[in-house]
Amino acid sequence: MIEFDRAGVRVPVASGDLQILAPTSLSLTEQRVALIGPNGAGKSTLARLVNGLATPSSGQVRVDGLDVATRGREVRRRVGFTFTDPAAQLVMPTAAEDVALSLRRTHRHRAERRAAALDVLADFGLEELADRSVQTLSGGQRQLLALAGVLATAPSVLVADEPTTLLDLANARMIGDLLLGLPQQLVLVTHDLDLAARCDRAVLVTDGRVAADGPAAEVVAHYRATAGTARPAGDRG
Amino acid sequence: MLLGHHIPGTTRLHRLPAGTKLGAMLLIGLIVVVVRGPVSALVAVAMGLALLLWAGAGLRLTLRAIRGVLVVALCLGGWLAWQQGWASAVEGVGDLLALVLVATVLTLTTPVDELLDTIAHRVRFLRPLGVDPERVALAFGLMIRAIPATVELAEETQRAARARGLERSLPARLVPLVIRVVARAQHTGDALHARGLGD
Ligand SMILES: Nc1ncnc2c1ncn2[C@@H]1O[C@H](COP(=O)(O)OP(=O)(O)O)[C@@H](O)[C@H]1O
Ligand SMILES: [Mg+2]
């Protein structure tokens, strides 16, 4: 369970402080939660709070009752996070080595680690690419590998920040289907409204605050109906 | 740029334990820096080249390994020749090339995972001082990775500048590169943090 308890984020800017997320209270218990809204609305900020990549300047965020600010280490073992651009996330030369990196904490011996990494790759249909240089993989393969690297440690929650934005249609569909079918609780930031509508709940974020929240299909329909009328991103006066 | 890449193989060098290679690399590096004079520098370069060929790099890859640092080496050489004469220039450039070649041999023949294990194991003794061996190993691994990644970004930036007809403008190539390298480093830091690897 993910709880936002009046969690707000302010960042220092030249002209003082900028509130990029108004104090927000949410309790996310659904299996699949979509975060939608225009660019610059604060979706990533909200998502990053869940595993301590961003810290609230007021209020609290808790995962399974653990305060993210003070129990970050334990929280990060429960919460996996993937980024829009997998290239920034893949840090080792080959696919197998990158997955093995995630497993360093749980598998002390290199041979065991390699075997476990190959198992994980096989789960994602990537076994053929185990020893390929990460730089030679396609965008879809890279995103799949990034997911494999994060899910290798079996987190109970996955936060995915626009995982399909850089992908072509076929790969976006493949990654989207995979995410929605995961056993983990999923917090999915996305501009793919069809994908969002397939979640159990959607939270619409605009201008740094929650504008709508409820069953995914309804919130997505509301967003579709009003999207063209919102102020553009960054125009906060 | 070859430094930071691993090419699986079965040569004698591939089969040596990572610890031995790491130790040898540090020793060779020390000797190269300590022993003065152009002759020893040339000997070191020849040795580095021989090792690289022995590692199964072949002539083309070996040339690629040098090409990556050639610009830096030539600038350094030109400056040294002007400031201190030819002997210093040969020594400076030779030392640099030798170090790059030896480091390339290490990464070429050793999987990063094995290097990380070895380093983490070797710096264990620092643990009482509050040093986390895993973090040291990870930092080292990232350093090695950062070199080819930066070269890749430089190539992309170069292409982007060319697409706008700006390939002759140094700022048009340099400024975006610096920004992208910093941004990439930040993203990578975030990603490692998110994977719980910095904890
Ligand atoms: N560190 C920061 N400093 C200043 N502004 C920031 C910072 N981080 C985010 N912002 C701003 O906060 C707003 C929300 O950002 P973000 O959560 O990334 O939006 P989204 O993911 O919905 O596109 C944006 O206008 C962004 O420019
Ligand atoms: Mg975002």
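Read along the sequence, chain B of this predicted model follows the pattern α-α-α-α-α-α-α-α. Its secondary structure comprises eight helices and zero strands. Along the principal axes, the C-alpha atoms of chain B fill a box of roughly 50 × 45 × 35 Å. Chain B has 199 residues, of which 42% count as buried. Its accessible surface comes to about 11100 Å². Carbon and sulfur atoms account for 69% of that area. Contacts within chain B were also examined by sequence separation. Among those between residues at least 6 apart in sequence, 69% join residues at least 24 apart.

Burial was then examined for one helix of chain B. Helix α6 of chain B spans residues 112-122. Nine of its eleven residues are buried, so the helix is largely enclosed by the rest of the structure. The buried residues are Val112(B), Asp113(B), Glu114(B), Leu115(B), Leu116(B), Asp117(B), Thr118(B), Ile119(B) and Ala120(B).

The surface of chain B also carries nonpolar residues. Leu27(B), Leu30(B), Ile31(B), Val33(B), Val34(B), Val35(B) and Leu99(B) form a nonpolar patch there. Together they have about 630 Å² of accessible area. Helix α2 of chain B, residues 18-34, gives the most to this patch, with five residues. Val34(B) lies in helix α2 of chain B. Its relative accessibility is 57%, and the cut-off for exposed is over 50%. Val34(B) therefore counts as exposed. In soluble globular proteins, by contrast, nonpolar side chains tend to be buried together.

The largest nonpolar core has 47 residues. Those with the most contacts inside this core are Ile36(A), Val99(A), Phe124(A), Leu145(A), Leu158(A) and Leu179(A). Helix α5 of chain A, residues 139-151, supplies the largest share of the core, seven residues. A second, separate core has 39 residues. It includes Ala44(B), Leu106(B), Leu115(B) and Leu197(B). Leu115(B) is also one of the buried residues of α6(B).

Key. Residues are numbered from 1 along each chain as its sequence is written. Chains are lettered from A and ligands numbered from 1 in the order in which they are written. This is a predicted model: local features need pLDDT of at least 70, side-chain atom pairs count only at pLDDT 80 or more; totals for chains, interfaces and linings use all residues. Side-chain values use heavy atoms; hydrogens and water are left out. Patches are made of residues with over 30% relative accessible area and no salt bridge: like charges are joined within 9 Å, nonpolar side chains (Val, Leu, Ile, Met, Phe, Trp, Tyr) within 5 Å. Accessible areas come from the Shrake-Rupley method with a 1.4 Å probe; for residues, only the protein chains shown count as cover. A salt bridge is a side-chain nitrogen of Lys or Arg within 4 Å of a carboxyl oxygen of Asp or Glu. Helices (H or I, at least four residues) and strands (E, at least two) are DSSP runs, numbered from the N terminus. Buried means under 20% relative accessible area, exposed over 50%, partly exposed in between (1.4 Å probe, protein chains only). A nonpolar core is a set of buried Ala, Val, Leu, Ile, Met, Phe, Trp, Tyr and Cys residues joined through side-chain atoms within 4.5 Å. Contact means heavy atoms within 4.5 Å.
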